[in-house]
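User: I'm new to this one. Can you walk me through it?

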Amino acid sequence: MREEHDTADVLPDEDELAQRPVYAWQRFQPERWRLPSGRLVLELDDPRYRFGSRTGRWADRTRWRLNDRLDDRLADALAEAEIRAALTQQAEDAAVEAAATRQRDWEQAMADAHEQYTQAHLTRALDRQLQRSVMVIWGRWPVLRWCGRLRKGWPSWLRLWCCTGI
């Protein structure tokens, strides 16, 4: 909200002319002054009001005063502001909920990956223990190679060890 200004051409008054030496042939250029007009202006600084059919500027005119127009416009502006605030709040709530869902999904994926890693590590450790115990109990790999017919039900690492001697 601001006050409109009018521009006026102002010539120096008699006192100013008396202070300056003036020749008879000399002319004065008038100064342009911006003078307050007493008319109020209400402008909405919103890009949606700059272009299009929506009015974004209201002012005092000879046919109406801003006070007469302000009641209707203010009610419309307040209703629109409430709608915008509600939409903004909904968008913020949705963003918070989406972030919380992403965080929960990430934590669950990390827990699942940790569980899979632990299981794989324990399985490898148990396989190594079994390999050592088989080697201690049955001796070297030629003995296991001799039992080739029994190898069909053995685990893959034992069949590989038996056949290659690793």
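User: Which side chain does E80 meet in a salt bridge?
Analyst: R84, at 2.7 Å from N to O. A salt bridge here is a side-chain nitrogen of Lys or Arg within 4 Å of a carboxyl oxygen of Asp or Glu. This is a predicted model: local features need pLDDT of at least 70, side-chain atom pairs count only at pLDDT 80 or more, and totals for chains, interfaces and linings use all residues. Residues are numbered from 1 along each chain as its sequence is written, and side-chain values use heavy atoms, with hydrogens and water left out.

User: Where do E80 and R84 lie?
Analyst: Both are in helix 3, four residues apart, about one turn of the helix. Helices (H or I, at least four residues) and strands (E, at least two) are DSSP runs, numbered from the N terminus.

User: Is E80 buried or exposed?
Analyst: Buried, at 19% relative accessible area. R84 is partly exposed at 33%. Buried means under 20%, exposed over 50%, partly exposed in between (1.4 Å probe, protein chains only).

User: How many salt bridges does the count come to?
Analyst: Five. One of them pairs R39 with E4, closest N and O atoms 2.7 Å apart. That pair links distant parts of the chain: R39 in strand 2, E4 in strand 1, 35 residues apart.

User: New topic. Which element has the lowest mean pLDDT?
Analyst: Helix 4 (residues 141–146), at 52. Helix 3 (residues 66–138) has the highest, 86. pLDDT is the predictor's confidence in each residue, from 0 to 100. Where pLDDT is low, the predicted coordinates should not be read in detail.
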